[in-house]
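Thank you for making time this morning.

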Amino acid sequence: MYKINDNYLKLPGSYLFSTIGKKVAAYSAEHPEKQIIRLGIGDVTQPLAPAIIEALHKAVDEMGKAETFHGYAPDLGYEFLRNAIAKHDYQDRGADISEDEIFVSDGAKCDAGNIQEIFSVDNKIAVCDPVYPVYVDTNVMAGRTGTYDPKTETWSDVIYMPCTAENGFAPELPKETPDLIYLCFPNNPTGSTVTKAQLQEWVDYANRVGAVIIYDAAYEAYISEEDVPHTIYECEGARTCAIELRSFSKNAGFTGVRLGYTVIPKDLKQGDVSLHALWARRHGTKYNGAPYIVQRAGEAVYSPEGKAQLKEQVAYYMNNAKTILEGLKAAGYTVSGGVNAPYIWLKTPDGMNSWEFFDYLLERAGVVGTPGSGFGPSGEGYFRLTAFGSYENTVAALERIKSM
Ligand SMILES: Cc1ncc(COP(=O)(O)O)c(C=O)c1O
């Protein structure tokens, strides 16, 4: 008789977004006249930029003619896209990454979830707390995390690195040595970042202890400060210890189009075994490539027009972030993030816990955000607002919050 992968049964229910949905639906039913403003979502709202639409149309037309039709894409992605990525995202920033170290995919979530497959189940992972849930949950599915303690909401075999106001929401080097370290900067949910010197410490540490850093840079486009690294490969020695995950979702609005990539340098080796070769094998066996049409759209992200239009789009969201940040500060809230990231992390007032503040904000202002405790125990007492709404809604939400 067959057996299931019972690691799945260990996963605690993810109540965060379903609970939010239920609470909002109940409130709407009770107050049908109230217009709810949603600043909880991590999804973009602006339409695709004209340069991208143009590239999509052109590629669709190519698919309609025998001479320019494209079937299966190359395993690792089309060269035109990998060349553009290598040049614009790495070489122009002084980072030594070549096009054959880039694996094009349909987004960072899949890569973040799948990358653990090339590592032994005996490896110990370290994650930030609070954290984007995909890193931990996919390791639970693989059987790498031990047992779950519902009281502390932690796994026995996971090393948690609290990111708190005391450490500026940047993790400290763990006391226990991990094998795999998940880092995400600019961070979801806290909106924090690290300086290049801080990231260099992580790279040095990983090389020293023989760990691999899985570096999620999905929000790289939102960096505005000079000293914040755009890629981990700006750090010396990262080629021997780091894998980087990137997404077109937040820099170019591809959440519904789907495109991302993973970088594995050829110098990243365990003995004679190259992780690049393992991932190439995995990619070739389990993945048949992002669509040609979408990869052409991705190429347009790097065209001069595409770059200019997307800079404006990111600036639009970051203007929302500034509006939220300054509005909340003026209203007396303790806030962080929102400078190099589209996320604002606020301390709940008057000792309210995250869910109490969620209810309070919904009841009093008709504004929806995300309770920090949903991202991990250190998120308790915090709340996430996002800059991905429209400017008009963002301003209206802040007016309501100020007059609560
Ligand atoms: C930290 C982080 N990584 C990855 C993703 C997913 O990116 P993609 O849309 O490319 O799958 C998200 C999406 O919200 C995210 O917040």
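At roughly what angle do the axes of helix α3 and helix α10 cross? Before I answer, please keep in mind that this is a predicted model. In general, two packed helices are described by the angle between their axes and by the distance between those axes. Here the axes of α3, residues 50–63, and α10, residues 292–300, cross at roughly 150° and come within 8 Å, and the crossing is right-handed. On the α3 side the contact includes Ala51, Ile52, Ala55 and Leu56, while among the residues that α10 brings to it are Tyr292, Ile293 and Arg296. Sorted by class, this contact has eleven nonpolar and three charged residues, and no polar ones.

Let me turn to the strands, and to β10, residues 260–263, in particular. As a rule, the side chains of a regular strand alternate between the two faces of the sheet. In β10, Gly260 and Thr262 lie on one side and Tyr261 and Val263 on the other, and all of them are buried, so that both faces are covered. Strand β2, residues 102–105, pairs with β10 in the antiparallel sense over four bridges, and β9, residues 242–247, is also antiparallel to β10, joined by four bridges. Valine 263 is the bridge partner of isoleucine 102, and glutamate 244 stands opposite valine 263 as well.

Finally, the ligand: of the 14 residues around it, Gly107, Ala108, Lys109, Ser247 and Ser249 come nearest. Helix α5, residues 108–114, gives the largest share of this shell, three residues, and by class the shell has five nonpolar, seven polar and two charged residues.

Note on methods. Residues numbered from 1 in each chain as written. Predicted model: local features only at pLDDT ≥ 70, side-chain atom pairs only at ≥ 80, totals over all residues. Axes fitted to C-alpha atoms, helices over the stretch in contact; angles between N-to-C directions. Helix = DSSP H or I, 4+ residues; strand = E, 2+ residues; numbered from the N terminus. Left-handed = near helix turned anticlockwise from the far one by under 90°. Contact = placed C-beta atoms within 7 Å. Nonpolar A, V, L, I, M, F, W, Y, C, P; charged D, E, K, R; others polar. Near = placed C-beta within 6 Å. Buried ≥ 20, exposed ≤ 12 C-beta atoms within 10 Å, placed from the backbone. Pairing = 2+ DSSP bridges.
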